[in-house]
Amino acid sequence: MFLRFIKQIVFLFMTVFGTLGNISVSVNYIFIWCRGLEQKPIHLILIHLAFTNIIMLFAKGLPKTMAAFGLRNFLDDIECKIIIYLQRVSRGVSICTSSLLTVVQAIIISPRASGWRRLRPQSAWHILPFFSFFWILNALIGMNLIHFITSISQNISELNNGDDYCYFMLESQKIKWIVLPLMVLRDAVFQGAMGAASGYMVHLLHKHHQHVLYLQNSKLLYRTPPELRAAQSVLLLMLCFVFFYWIDCAFSLFLSLSLGKIPLMGNIQEFLTLGYATFSPVVLIHREGLLPECWHAQWEKLRKYLFYFSIK
């Protein structure tokens, strides 16, 4: 009972905390975007990443929380297909968007003499076709789930864990060996690009650090450019992604190779699946100071309105 209580609290915390964090990030960047002061491609990518994380938390975190609190058969067949399909698609889009974020940031901070500089997006709107491609790609990869998922109310409930809310039917080996290589190829390509871009940024940041040390020894003042500070935030975000992704993969592999079900390990693996969507906003809020900046801007706006009406 104690472990079940801990599970309920953790799922509830991750779902609520992660959703509020991603909403805060998206609202702050949308606010910056609408003001027209800084319409950067990175801001648009971060808004899309936060939106994808919100879908992930609603599609996986909310049903898991409801199931952990003992609700059963709260989804019908169509709702199960939609929820599980959104889980798969949003997770894939999150991987692709994180990779795009790293690559674009690496291009932005690349030296002007570098050939990569020519690939720099001239406008934030040039990023939109990538978002469409990510959703279409992952929607096609996850199509097999629609045929192999039903509500547990249509199956023998005794065969399911008490925390299950959808039933996974056995899919044909032919379809499985078509979909699985596509998922592995997608992850390998996008994470390979993410790793290469991250390594390139680390190299550039190291050169910048050496330059700063030289200027400090020369008693010259030097401030870190905003692009390099943003690159540091992106690298921390990617470390967060790599941590949760690979530990999740390790737990999934262990559970697939184990002979029997291990509920505790399965629960930890579920927590790890939601980890990136839950805690990635914390990195941005901490590094970028988004909430204080937004509150200050809103307060200044309110103060101007009050001053205007007081004069009138």
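What follows is a walk through the helices of this predicted model, from its first helix to the salt bridges between helices. Because the model is predicted, local features need pLDDT of at least 70 and side-chain atom pairs count only at pLDDT 80 or more, while totals for chains, interfaces and linings use all residues. Residues are numbered from 1 along each chain as its sequence is written, and side-chain values use heavy atoms, with hydrogens and water left out.

Helix α1 covers residues 2-35, where helices are DSSP runs (H or I, at least four residues) numbered from the N terminus. Leaving aside residues up to four places away in sequence, T15 touches L57, G61, L62 and T65, a contact being heavy atoms within 4.5 Å. L3 also lies in α1, but L3 is exposed, with a relative accessible area of 63%.

Helix α4 (residues 128-141) has 14 residues and spans 20 Å from its first C-alpha to its last, close to the 20 Å expected at 1.5 Å a residue, the expected span being 1.5 Å times one less than the number of residues. Its buried residues include F131, F134, N138 and I141. They cover an arc of only 105° around the axis, and therefore lie on the same side of α4; the arc is that of the directions from the helix axis to the C-beta atoms. The face turned away from this buried side carries the exposed residues P129, I136 and L140.

The whole structure holds 4 salt bridges, each being a side-chain nitrogen of Lys or Arg within 4 Å of a carboxyl oxygen of Asp or Glu. One of them joins the side chains of E270 and K60 at 2.9 Å, N to O. Because E270 lies in helix α7 (residues 263-288) and K60 in helix α2 (residues 41-68), the pair ties together parts that are 210 residues apart in sequence. Both E270 and K60 are buried, and K60, K64 and E270 are linked in a network of salt bridges.

D248 forms a salt bridge with R91, with the closest N and O atoms 3.3 Å apart. D248 lies in helix α6 (residues 226-257) and R91 in helix α3 (residues 77-108), so this pair ties together parts that are 157 residues apart in sequence. D248 is buried, with a relative accessible area of 5%, whereas R91 counts as partly exposed at 25% relative accessibility.

Methods
Helices (H or I, at least four residues) and strands (E, at least two) are DSSP runs, numbered from the N terminus. Buried means under 20% relative accessible area, exposed over 50%, partly exposed in between (1.4 Å probe, protein chains only).
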